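I am opening this notebook to record what I looked up in the structure shown below. The entries go topic by topic, and each term gets its cut-offs where I use it.

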Amino acid sequence: MNIYLVELIVFLLVALFVTILFKITKKHKLKLTLFMLFMIFCVSISSTYLLEKPHVDIISQEISLQINQYSKITVPHTTYHLKDVTSSVKVNGTVDYNKVGSYKIEYEVPTIVGEYSVEQTINVIDSIKPTITLKGDKVCSLSYSAEYKEPGFTVEDNSLEDLTQKVNISKEDISDTEYDIIYSVEDSSGNTAVERRKVLIIDDVAPVISLNGSSSMRILVNGTYTEKGATAVDEKDGDLSDNIKISGKVDTSKAGTYTVKYTVSDKSGNKAEKTRKVTVYKKSTNSSGGGSGVIYLTFDDGPSSSITPKILDVLKEKNVKATFFVLNYSSSLEYLIKREYNEGHSIGIHGYSHVYSDIYKSDEAFMNNVTKLQKKIAESIGYEPTIIRFPGGSSNTVSKNYSKGIMTRLTKSVVDAGFKYYDWNVSSGDAGGAQTSAQVYKNVVNNLSKSRSNVVLMHDFAGNTKTLNALADIIDYGLENGYVFKPITKDTPMVTHHVSN
Ligand code: ZN
């Protein structure tokens, strides 16, 4: 009920009462006046009491609250007639604290004269900016040779909105050696956040030193050590060969192992180092009694563009001559036959073809296979080779399939025709059992003998890195143990197998 109506009714009742009293007691003026005053006092007291409003303790008519921080409306502390009536306050209206918006709420307090209400506007707002947290370092260094990899980030916002996909990543160049990665994001309420990651571009790539010549050299006592030097290249600084510092002395008058060290730094201080092992050795005396201790290194089935040049390099560096039993070669590989010959190696005939069914089908076919290649080699180098290695060796039995007894006949007829043929007594296994260069090395050095000529079977066909990588060590072993390396020539006594066909 409206309190003004209550007040009016009370006033009218009092007025009516006073009028009636006037008519009854006209003579007693003083009494009447006192009574009137008393009545007015009573009326004002009672109306003050009746009309007192409850006190609803709201902070303000309109308040703003951050989103997602509250879950329910807190009823304001309310008193009425000096009593706490908070618990009887009724709340009209709802607030979604998880959604930005403006919500009207009414607090309703029951009073003697009816319901009393107070309104309040609650604004749910988001004025807090999101937080971007960078994973990894905020300042990071990156090699110029590496690609930048985003370490990632997380983004949180009080709105609980997933802003990950909204983050914009951009790059800002600061200088040649520095840039910033900028992460920025804006939430739905327009609050923006920015983070920066600094990337410093560094040179952490060391130069590369390449030794001229082998990293492992062997010299006879009182021989000459020639410093072949090295080259150095840095991706950033280019050719640094002139900056290489060489340290370590080789005393060729004294047997021993010496280390020559090559060091270089690039402009950013990245260091590179390489060493060369130089062994100064004494020739060991022939201890196994009277044998020749000669090693004939032989390479079959070449030439190949991938392996033959590198084998020639090793032989050149070690100053060792060998023998190449070659197959037919294309014109693009002719230079290898020339190189072999010009560098002092022997060229022998393995055959124009290596196909057993063709070459061993008749004596004539075999001889043609030899002379056809012999002629071609003569055209290449101007020298007609007369040394032969039978494909499969003279002991092969595969030829039985094509012509019975052909090896018995050929081993005689080739000699009659002025050729010499060479089998082997040391097999490197590089075309069969040996899987690694260590096995090739073992197969060779374990089967060498001082008491004979050692004809070592190896191959320089394409891809045969096993033999290539073992070769220097095999030569070193031979030299250190008093062997002499020789190429097979037309004057070399034949080394032959037992013929089985
Ligand atoms: Zn062969």
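**Entry 1**

I started at Leu50, which has its place in helix H2 (residues 29-51), where helices (H or I, at least four residues) and strands (E, at least two) are DSSP runs numbered from the N terminus. Before going on I noted that this is a predicted model, in which local features need pLDDT of at least 70 and side-chain atom pairs count only at pLDDT 80 or more, while totals for chains, interfaces and linings use all residues. Residues are numbered from 1 along each chain as its sequence is written, and side-chain values use heavy atoms, with hydrogens and water left out.

Leu50 counts as partly exposed at 23% relative accessibility; buried means under 20% relative accessible area, exposed over 50%, and partly exposed in between (1.4 Å probe, protein chains only). I then looked up its separation from Thr275, 225 residues apart from Leu50 along the chain, and found 108 Å between the C-alpha atoms.

**Entry 2: The zinc site**

Which protein donors does the zinc ion have? I found Asp301 (OD), His350 (NE2) and His354 (NE2), lying 2.1 to 2.3 Å from the ion. Donors here are N, O and S atoms within 2.8 Å of the metal (3.2 Å for Na, K and Ca), and since water is not among the atoms, sites may look incomplete. Along the chain the donors follow the spacing D-x48-H-x3-H.

**Entry 3: Aromatic pairs**

How many aromatic pairs does the structure hold? The count is 10, where rings of Phe, Tyr and Trp (its six-membered ring) pair if their centres lie within 6.5 Å, and planes under 30 degrees apart count as stacked, over 60 as edge-to-face and the rest as tilted. One of them is the stacked pair of Phe299 and Phe324, with 5.2 Å centre to centre and 20° between the planes. Since Phe299 lies in strand S21 and Phe324 in strand S22 (residues 323-327), this pair ties together parts that are 25 residues apart in sequence. Phe299 is buried, with a relative accessible area of 0%, and Phe324 is likewise buried at 0%.

Tyr356 and Tyr360 also form a stacked pair, at 6.1 Å centre to centre with 10° between the planes. Here Tyr356 is partly exposed, with a relative accessible area of 27%, whereas Tyr360 counts as buried at 0%. I also noted that Tyr356 and Tyr360 belong to one aromatic cluster with Phe366, Phe390 and Tyr421.

**Entry 4: Charges over rings**

I next looked for charges over rings, which requires NZ of Lys or CZ of Arg within 6 Å of the ring centre and within 35 degrees of the ring normal. Lys236 lies over the face of Tyr144, at 4.1 Å from the ring centre, and the charged end of Lys372 sits over the ring of Tyr352, 4.1 Å from its centre.

**Entry 5: Salt bridges**

Taking a salt bridge as a side-chain nitrogen of Lys or Arg within 4 Å of a carboxyl oxygen of Asp or Glu, I have a count of 17 salt bridges. Asp180 forms one with Arg196, the closest N and O atoms being 2.7 Å apart. Because Asp180 lies in strand S12 (residues 178-186) and Arg196 in strand S13 (residues 192-202), the pair ties together parts that are 16 residues apart in sequence. Asp180 counts as buried at 5% relative accessibility, while Arg196 is partly exposed at 38%. Both Asp180 and Arg196 are part of a network of salt bridges that also links Glu172, Glu178 and Lys198.

A further salt bridge joins the side chains of Asp476 and Lys318 (2.9 Å, N to O). With Asp476 in helix H9 and Lys318 in helix H3, the pair ties together parts that are 158 residues apart in sequence. Helix H9 covers residues 465-480, and both Asp476 and Lys318 are buried, Asp476 having a relative accessible area of 5%. From Asp476 I also looked up Val167, 309 residues apart along the chain, and the C-alpha atoms are separated by 65 Å.
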